[in-house]
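Subject: A structure for you to look through

Hello,

I am passing a structure on to you, along with some notes on what turned up in it. Please open it and keep it beside you while you read.

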Amino acid sequence: MTTTSFRGLTSTEVEQRTRQGQVNRVRRSDAAEYRDIVFRNLFTVFNALVVPAAIALFLFGKYQGAVAVSGMGIINTVLGLVQEIRAKRHLDQLTLLVETRARVVRDGKEVEVHAGEVVLGDQVLLRAGEPVIADGTVVDAHFLEVDEALLTGESDPVPRRPGDRLLSGSFCVAGEGAYRADKVGAEAFAQSTTVEARAYHHVASPLQHGIDRIIQVLTAVTVVLSALYVVLHWVRTDFSTSDLVESIAATVTSMVPQGLVLMATLAFTLGAVRMSRRGAVVQRLSAVESMAAVDVLCMDKTGTLTTNRLRLARLLPLARELSDEEVRQRLKWFASASLDRQNKSVQALRDAGPLASASGLSGRNTSPKRQRGVPRPLASASGLSAVGEEQVELIDQIPFKSQNRYSAVRVRAGGAEHVLVLGACEALGPREASGGSCVTPGAWRDAWKELQATGLRILMFAESERREDFHGTLDGFPLRPLALVALRDELRPEAGAVLEALAAQGIRFKIISGDNPDTVRATVAHLKLPLASEPVVSGDELASPQKDELIATRSVFGRVSPRQKVEIVERLQKQGNHVAMIGDGVNDVLPIKKADLGIAMGEGSRAAKTVSDLVLETNNFDLLPETLEEGRTILRNLRRSSKLFLLKNVYTLILILGFLFLGGEFPYLPQQVTLLNFLTIGIPAFVITLSKERSTAATKSPFLREVGSFVLRSGLVIGIAGLLLLHWARAVWPGPRLARPFGVVAGGIPPHLVEQEHVMMHRTLLLSALVLLGITALLRALTDGEEKPLIGDRRFRWLAIAALPVYLVAMYWGPPARFFELAPLRPVEWGMVLAVVVPAFLLCKLTDGWTARPHKAS
């Protein structure tokens, strides 16, 4: 807690405004959120169809069907409620890990609070790297500049002075200041930038939207079929009202795959929880889906591949008329006075010795104080020493920005004014005064080029004789180089292994850095990857007509501006790539936001973490491969589950069309649909969803193409096989339309009872074939189009083996056989089933081979 010149609100005022709801979050009670979850799961199209069907079945005495249909609706609803409530609780807990925080002034002291705890009228402090979390008016500004690109699309930073308006959604890129929160919560311009954006909301991912569209189509098909049943009821005298109700109920439960929505929600939620336990916090559930398709990873070098813990390695004085000590003294003044406290280069200079930690307010004398702790030894003998008690007054400053690549201060120290500049050699070199002050003209360039090969970050420290206000630029300020400052940033020890693991997953890399290309080249040269030997593309080369080819074919880029980072991401996306961007700084905010998957490092700027989809909260870079694998595993399992759900829709539609146009009884009863769902879809899909076996290949084929290909060809074969089996069965055991002409058969059994037994036999034969083919479809779905099939998982083999005994128990044991209305099959009847199932299975396998060939060839 720090004392400031502002008083801010008092604790009493904060409490009062909090009670009045004047806080920076949308005020919603948990009761209202849980109520919405209940309504969303209770009042579904599926339930709207199932409930009337179940009631009608009860009224017509079809109790088995009524119990099965209502039970399916209740189970789907309860499971959906439980999973969404769990999702809400887990994601609300994850929100606390990466919730945006703000610095506010209360009772005259600086305190840090959650962004959602900021109240109306709070004095909010702002510095480089921090997002604006509420709309307000600037009350204090020291060279303050904000980036409003996320709001307006304009990438140039905008200077802000006292009285100017700030909008939530922008972020500070330079300087510091304070603003009064005038609009908070729902009234703020971009509420999505606050903690409320990360709180639980039911927002469907693209995959879930696709599933919803499929369900809508199948629901419409169900309604049309039900209308045809009504027409058939009036046309066919043997199609009674109770048959009509049973047919509609069976169609609803077999044609509307409501459980698929539940599986998607369950998969995304469990995936987000598993990732968070390892330190990768998912801020949006849709990001889990994006992880599966990433095939290009763009990364900032500093803070991602490197530790971003800069240390002063060398200081090479250049000035002819100044002693080395005088150069060091000026560097101390610069580091002491600069407002760029979060700038890693300035921090490295301050950490190099007991430098002053000035408050940096314009026009205020600052008495330097010694840094806490023991000073770190320098890498060379040219280290910095203490400033002592000398006062440094900051008169003017140009804060560091990626667009300028330099920072300048105008200070009064040592009894005189000094204009001191620190920045990239490429940015400051052209401003060198004619007749420079180096020991030998151009000597600094030779030393600079020599140092670049070491991989160190080389900055120029310079001075100008012009003593005037900057007005935001160094134009017109001739510079004389005083020294070259070499900073060391170590490559992360795990960087090589991480990139190799990602490369094994088929992911390509684009290392994008604002550093000098030679420095970037020297850094990546230590990596055992092909990109280590590639030439580095400079930002100037990206301005050429060949930029599209360079972006597509090259992997390492240096001296790239923030705007060019965004352009690289956009160009890669236009080339058909699914792009992830990982970074940690303010200059990474826009590309992180633009990428298909935005990833921020845990120690990165608050602005970067605010807009990202995924935060590596522990700052552990080696979490990345397994996190992307997790996303691929989740989507792969969802595709496999979808194949099981949608396969039944295809062959059911074919069987229903056969019933409508070829005659005979309806294919199966509602309770038989429940048994079929349980054995071949529900339990297998649930186990598949929980599978943790990793997938290392990016998922490129569209969801509908991969799943649609499987379910259409397999569903067509199974549906036709079912129709053939029914036709064969009716020839052996004539059904109601093929009843024998005499009134009593041998043994004195009435014809209508014989017909019922025959219909039961038809349906039992069909259901037996569908169960067997469903089991084979489960095993095929685990291998179809997969580079690493899941069939090796013992759970799935046992699941397939266990399904048949369960079905046999339901068929041959009295109570379940009566409930499901199954006839016990004899060996000859099993022979009929196998005579149809085996050729159908072989034909399905043959179609699998046909589709696998182009997949492997590609």
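The notes below begin with the whole chain and then go to a few places in it.

**The whole chain**

Please keep in mind that this is a predicted model. The protein chain contains 27 helices and 23 strands. Of its 858 residues, 58% are buried. If you take the contacts between residues at least 6 apart in sequence, 72% of them join residues at least 24 apart.

**Helix 22 and two of its partners**

By class, the residues of the contact of helix 21 with helix 22 are nine nonpolar, five polar and two charged.

Helix 7 (residues 241-255) also meets helix 22: their axes come within 8 Å and cross at roughly 15 degrees. Is helix 7 roughly parallel or roughly antiparallel to helix 22? Angles under 35 degrees count as roughly parallel, and helix 7 is therefore roughly parallel to helix 22. This crossing, too, is right-handed. On the helix 7 side you will find Glu-246, Ala-249, Ala-250, Thr-253 and Ser-254, which meet Pro-670, Val-673 and Asn-677 in helix 22. The contact of helix 7 with helix 22 has four nonpolar, three polar and one charged residues.

**Met-263**

Next, have a look at Met-263, in helix 8 (residues 258-278). Is Met-263 buried or exposed? Its relative accessibility is 6%, and residues under 20% count as buried, so Met-263 is buried. Leaving out residues up to four places away in sequence, Met-263 touches Leu-638, Phe-645, Gly-682, Ala-685, Phe-686 and Thr-689. Among these, Leu-638 is 375 residues away from Met-263 in sequence, but their C-alpha atoms are 7.3 Å apart in space.

**Helix 9**

Helix 9 covers residues 286-293, and seven of its eight residues are buried, so this helix is largely enclosed by the rest of the structure. The buried ones are Ala-287, Val-288, Glu-289, Ser-290, Met-291, Ala-292 and Ala-293.

**Two backbone angles to look at**

Most residues other than glycine have a negative phi. Asp-107, however, has a positive phi, near 55 degrees. You can find Asp-107 in the loop between strand 2 (101-106) and strand 3 (109-114). With 31% relative accessibility, Asp-107 counts as partly exposed. Phe-143 is not a glycine either, and its phi is positive at about 60 degrees. Phe-143 is found in strand 5, which runs over residues 135-147.

Enjoy exploring!

Best wishes

Notes:
Residues numbered from 1 in each chain as written. Predicted model: local features only at pLDDT ≥ 70, side-chain atom pairs only at ≥ 80, totals over all residues. Heavy atoms only, no water. Nonpolar A, V, L, I, M, F, W, Y, C, P; charged D, E, K, R; others polar. Helix = DSSP H or I, 4+ residues; strand = E, 2+ residues; numbered from the N terminus. Buried < 20%, exposed > 50% of the residue type's maximum accessible area, 1.4 Å probe, protein only. Contact = heavy atoms within 4.5 Å. Axes fitted to C-alpha atoms, helices over the stretch in contact; angles between N-to-C directions. Parallel < 35°, antiparallel > 145°, perpendicular 65-115°, else oblique. Left-handed = near helix turned anticlockwise from the far one by under 90°.
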